[in-house]
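Let's take a walk through this model together. Have the sequence and the coordinates at hand as you read.

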Amino acid sequence: MQQEVLLAMLAKEPSHGYELRARLRDALGPLGDALNAGHVYVTLTRLEKAGLLAAEGADRDRKVYALTAAGQQRVAEWIAEVSWPKPDLAEFHLKLVAAAAAGIADPLTIVDTQRRELLRRLREAQRAAMAEPPGSNAALLLEGVVLRLQADLRWLEACERTWTHRRSGS
């Protein structure tokens, strides 16, 4: 799990490690069942040592973690990053959930930023594919890149529909 995901989950409010795991499981559904508690706590300790979190409490299980100013800055940078061409769909989904929950960014703006980047990459891949001779190995690869980008764009459309629906409260 990326460190930024845990930081973003703390953007809304300070939490215990157990609460963070519960939020992640809630956001990820069945995909969250594979979360390793030990990994979450090791990552929290690493983030604390890096100065991105501050912890209060006597023992590991009772620490309440909160973002430091440096942690808040890292979350803002992560939210603004364009993660394609190698998206981790769960990470992108968590980015939308965390941004909305903490009120640090509009999920629809994040989706739109990703869409613009995907469209740019799709145009490049299509131009490159058209320049290749038919039947070449590169043409087949470029066709795969185009198809993947088109599928990712369709998923972003689904994200946009969902977050638009949530915004309208319907």
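**A walk through the fold**

In this predicted model, Arg166 lies over the face of Trp163, at 4.4 Å from the ring centre. As for pairs of aromatic rings, the structure holds one.

Now step back to the whole chain. You will find seven helices and three strands, and following the sequence gives the order α-β-α-α-β-β-α-α-α-α. The C-alpha atoms fill a box of roughly 65 × 40 × 30 Å along the principal axes. Of the 170 residues, 35% are buried. Among contacts between residues at least 6 apart in sequence, 56% join residues at least 24 apart.

Next, look inside. In soluble globular proteins, nonpolar side chains tend to be buried together. Here the largest nonpolar core has 39 residues, and Leu44 and Leu53 touch the most other members. Elements that each supply at least two residues of this core include helix H1 (3-9), helix H3 (37-49), strand S3 (64-67) and helix H7 (137-168). Leaving aside residues up to four places away in sequence, the contacts of Leu53 include Leu7, Leu10, Leu44, Tyr65 and Leu67.

Finally, how do H5 and H6 pack? Their axes are 9 Å apart, at an angle of about 145°. H5 contributes Phe92, Lys95, Leu96, Ala99 and Ala100 to the contact, while H6 brings Pro107, Ile110, Val111 and Gln114. Seven of these contact residues are nonpolar, one is polar and one is charged.

Note on methods. Residues numbered from 1 in each chain as written. Predicted model: local features only at pLDDT ≥ 70, side-chain atom pairs only at ≥ 80, totals over all residues. Heavy atoms only, no water. Core = buried A, V, L, I, M, F, W, Y, C linked by side-chain atoms within 4.5 Å. Buried < 20%, exposed > 50% of the residue type's maximum accessible area, 1.4 Å probe, protein only. Helix = DSSP H or I, 4+ residues; strand = E, 2+ residues; numbered from the N terminus. Contact = heavy atoms within 4.5 Å. Axes fitted to C-alpha atoms, helices over the stretch in contact; angles between N-to-C directions. Nonpolar A, V, L, I, M, F, W, Y, C, P; charged D, E, K, R; others polar. Phe/Tyr/Trp six-rings, centres within 6.5 Å; stacked < 30°, edge-to-face > 60°. Lys NZ or Arg CZ within 6 Å of the ring centre and 35° of its normal.
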